[in-house]
Amino acid sequence: MTLASIQNPDLVTGSDNKPRWASPDHRRHGWHNLHTLARYSLSFRAPSVFPLVKQIDWAIGARPEVARFLAMAHFSAFVVVKGNHILYEAYAPDFGPDRTQSIQSVTKTTLNLMLGRAVADGLVGLDERIGTYLPEIGTGYAEATVRATADMNVVNDFTEDLSDPNTKWWSMEGAIGWRLPPEGEKEGTIRSFLCGITSDDVVNRTGQSLYKSSNSEIIGWVIERASGRPLREWLIENVEAAGLEGCLHITCDREGVPLVDGGACLSARDLARHGLLFARKGEGVDGRRVGNADFIEDTRRNPGPSHGQKSLHYSRQMVTDGTWLGHGGWGGQYMVANPDTGTAVVYLSVLENWSAWDCNFTDQLMETMANLAAEL
């Protein structure tokens, strides 16, 4: 007897050129369970937990600008932490303190910690060419500097307009286990995909950031190659330094390369613990230090190109206005950390419009979170 099979329905691409888990009707379930839906995933847990003690300030949730975001249909979680205190937290009925969610591009912030350490240890030079570390890389990055790549300041043929059904990001998804490859095509890998990106001139002359998640994968590869240590070891050290209570789940490709541009899944409290690493300028629990204080300070004081709003810049895998550092994620997540006040603010949501993105929503959310982080 011959046993038949069908393609995994969560990973099959529909008429909207999205796998089912990322389509609007299934997206909330997809974001809340991506670590179990993607083809491949790694999980890391810390041996020691950084305790967070509730010291609730109910006035935070009563602020009209905060209450507005907590009442939105796509809301999942909101946490404000300062020092070792939870000043406020709220959750949607289908979510909770122990639930994880895909944080998408907030994952990129882990690279700021890794790159800072690699630069401080003399392993990586910001003004060196990517090709120096990755001689096999294609024309899309060979002549770009590490600094330009980390600052989203490179011109190549990779595109990431999530409102465009033909953007090149969807092709990359086929190499990371987030969707099945087209029928008859072999499943690729992250790094073979990166080598296929091309450019005639990598220099960005617009003065504006050119956001490409492929840049983040390049930075991760450079750190791994220059240090001789696999990325999973760097991630484990970050998890241990943050003192995460639950697991950091991160999707990967079939070779086990972690998707450092957007593969992480965390609880809101653990994402806040991660944010506190930046609020403390890289100081972890039990005396463990990750990142580099000078590098984190330079990230916000000497940033890269303009990014979205006039006051914002993209700098070394972070967004900054010169005071706070943070990052957003596809679907409506955001994390903000303020080293001056020692505060981190986290918001998780799952936008259900076609592109899973809304610049107006994100800009207003980011402003509200930044104000909280500055005032508390």
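Guide: Axes are lines fitted to C-alpha atoms, for helices over the stretch in contact, and angles run from 0 to 180 degrees between N-to-C directions. Helices (H or I, at least four residues) and strands (E, at least two) are DSSP runs, numbered from the N terminus. The model is predicted, with local features needing pLDDT of at least 70 and side-chain atom pairs pLDDT 80 or more, while totals for chains, interfaces and linings use all residues. Residues are numbered from 1 along each chain as its sequence is written, and side-chain values use heavy atoms, without hydrogens and water.

Visitor: Why are α5 and α13 called oblique to each other?

Guide: Helix α5 (residues 109-120) packs against helix α13 (residues 293-301) at an angle of about 120°, the axes being 8 Å apart. Angles under 35 degrees count as roughly parallel, over 145 as roughly antiparallel, 65 to 115 as roughly perpendicular and the rest as oblique. The pair is therefore oblique.

Visitor: What makes the contact?

Guide: Contact means heavy atoms within 4.5 Å. Asn112, Leu113, Leu115, Gly116 and Val119 of α5 meet Phe295, Ile296 and Thr299 of α13.

Visitor: Why is strand β13 called largely enclosed?

Guide: Buried means under 20% relative accessible area, exposed over 50%, partly exposed in between (1.4 Å probe, protein chains only). Seven of the seven residues of β13 (residues 343-349) are buried, so the rest of the structure largely encloses this strand. Thr343, Val345, Tyr347 and Ser349 point one way, and Ala344, Val346 and Leu348 the other.

Visitor: How do you know that β3 and β13 pair?

Guide: Pairing requires at least two bridges found by DSSP between two strands. Strand β3 (residues 75-82) and β13 have seven, in the antiparallel sense.
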